[in-house]
Amino acid sequence: MADPIFKSLIALALLASVLLCSSSLTVATSDVPFILAHKKASLNRLKSGAERVSVTIDIYNQGSTTAYDVSLTDDSWPNDKFNVISGSTSKTWERLDAGGIVSHTFELEATQKGVYSGEPAVIKFRIPTKAALQEAFSTPILPLDVLADRPPEKKLEWVNRLLAKYGSLISVISIVVLFIYLVVTPSKSGAKASKKRR
């Protein structure tokens, strides 16, 4: 009989020690910057046939303290496939306060056709309690089909797509609006007849 009670006491003691350890770890790790970075890219086809890639990287400090000497490097764009048109692929900030957001944008021009998958950007920062630089990574981008052969979009193609998707709804609304218009507005023949009677 003493054996089950002893086992339950040991289990409770282990559970209490695990909870205490996890709460002390949470308290110890919450006093540091927590860097999150989101990298996004969009393609822009020019009339000349060239294609540009616009890249934006947003860096968030979700921690409770300031990150210092924040540097961003995005060297995942090969020089033989992309030329930097505006901005640069690296940027530094003196500090990023807790809850702060910084953003960096640059534009590239594609020189070769193909599917390109970008690697995450690297963010390095310093915290006062540690001598070594800390490192974080952005999200990667979805594969980009650069300089892909796309058929020219017809000018009224979007109208056809809307009608195909919402055609029945548009026709019902049109019928209801026409019915309300006919009920609310007096008929012209009725108005002429009332004038003749006078």
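In strand β5, Arg-95 is the bridge partner of Tyr-68. This pair belongs to an antiparallel arrangement in which strand β3 (residues 67-73) is joined to strand β5 (residues 90-96) by six bridges. Strands here are DSSP runs of E with at least two residues, numbered from the N terminus, and two of them count as paired if DSSP finds at least two bridges between them. The model is a predicted one, for which local features need pLDDT of at least 70 and side-chain atom pairs count only at pLDDT 80 or more, while totals for chains, interfaces and linings use all residues. Residues are numbered from 1 along each chain as its sequence is written, and side-chain values use heavy atoms, with hydrogens and water left out.

Strand β3 also runs antiparallel to strand β8 (residues 122-126), with four bridges joining the two. Here Ser-71 lies opposite Lys-124 of β8.

Turning to the open sheet, four strands follow the order β1-β2-β6-β4 with antiparallel pairing. Because β1 (35-45) and β4 (82-86) are the edge strands, each with a single partner, one side of each is left without a neighbour in the sheet. From one strand to the next, the twist averages 30° (axes are lines fitted to C-alpha atoms, and angles run from 0 to 180 degrees between N-to-C directions). The partner of β4 is strand β6 (residues 101-110), paired in the antiparallel sense over four bridges; Asn-83 stands opposite Glu-109 in β6.

As for confidence, the chain averages a pLDDT (the predictor's confidence in each residue, from 0 to 100) of 80, and 75% of the residues score at least 70. Over residues 18-29 the pLDDT is below 50, and this stretch has zero contacts (heavy atoms within 4.5 Å) in the model beyond near neighbours in sequence.
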